[in-house]
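Please open the structure in your viewer and keep the selection tool at hand.

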Amino acid sequence: MKKKLLVVITMLVVASGFIFTGSTSTEAKSNKVQYLGKYKLTAYCGCKKCSGKWGTRTASGKKAKQGRTIAVDRRKIKLGTKVKINGKTYVAEDVGGGVKGKHIDVFFSSHKQTMKFGKKKGVKVYKVK
C-alpha cells in the first residue's frame, strides 16, 4: 500500500511540474548573488602607515570594523553594497587612493593582521542582491 501511495504522489508531483530540488527557501535566498569577477585583495588597518590621518573613519561615515568593512573603487562597487568574498559577506564602506578597478582592500583591526593577509590575486567576488 505504501509503495502505491508513493508512486501516485510522485506521479502527481511530476505531472504538476513541481520538482523538489532539495533547496530550502533559506538556501535559495542566500544564493542571490551576482558574480562581479576576479579581484585583487589587499589589507589595511587604521594605523598611520595604512590610513594616514583618516584612521578608522570611512568614506561612508561609519567606523571601520574588521570582518565587515572593505574599501572599493566606487566606479566598480558602490558604497553600501554587500559583497561576498570566500563565503564571507562584507560591506563596501570605504575608498582608498590605491584602490582602483578590480581591487578591494579588506579592513583589519591591527597592522600585524594586514601584513599576514598580504596580497591575493584572482579572488572571485560576488555582489549580494
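The stops below cover strands, cores and aromatic rings.

**Before starting.** This is a predicted model, in which local features need pLDDT of at least 70 and side-chain atom pairs count only at pLDDT 80 or more, while totals for chains, interfaces and linings use all residues. Residues are numbered from 1 along each chain as its sequence is written, and side-chain values use heavy atoms, with hydrogens and water left out.

**Stop 1: paired strands.** Strands here are DSSP runs (E, at least two residues), numbered from the N terminus. Select residues 33–44, strand β1, and residues 120–128, strand β6: the two run antiparallel and are joined by 7 bridges. Two strands pair if DSSP finds at least two bridges between them. Within this pairing, Tyr35 has Tyr126 of β6 as its bridge partner.

**Stop 2: the nonpolar cores.** A nonpolar core is a set of buried Ala, Val, Leu, Ile, Met, Phe, Trp, Tyr and Cys residues joined through side-chain atoms within 4.5 Å. Buried means under 20% relative accessible area, exposed over 50%, and partly exposed in between (1.4 Å probe, protein chains only). Select Ile70, Ile77, Ile85, Ile104 and Val106, the residues with the most contacts inside the largest core, which has 16 residues. Strands β1, β3, β4 (88–94), β5 (103–107) and β6 each supply at least two residues of this core, and β1 gives the most, with 3 residues. A second, separate core has 5 residues, including Tyr44, Ala71, Val99 and Phe107.

**Stop 3: aromatic pairs.** Rings of Phe, Tyr and Trp (its six-membered ring) pair if their centres lie within 6.5 Å; planes under 30 degrees apart count as stacked, over 60 as edge-to-face and the rest as tilted. The structure holds 3 such pairs. Select Tyr35 and Tyr126, a tilted pair at 5.3 Å centre to centre, with 55° between the planes. Tyr35 lies in β1 and Tyr126 in β6, so the pair ties together parts that are 91 residues apart in sequence. Tyr35 is partly exposed at 42% relative accessibility, and Tyr126 is partly exposed at 27%. Now select Phe108 and Phe117, a tilted pair with centres 5.3 Å apart and 45° between the planes. Are these two residues buried or exposed? Both Phe108 and Phe117 are buried.

**Stop 4: a charge over a ring.** Finally, select Lys88 and Tyr90: the charged end of Lys88 sits over the ring of Tyr90, 5.6 Å from its centre. A charge sits over a ring if NZ of Lys or CZ of Arg is within 6 Å of the ring centre and within 35 degrees of the ring normal.

Key
Helix = DSSP H or I, 4+ residues; strand = E, 2+ residues; numbered from the N terminus.
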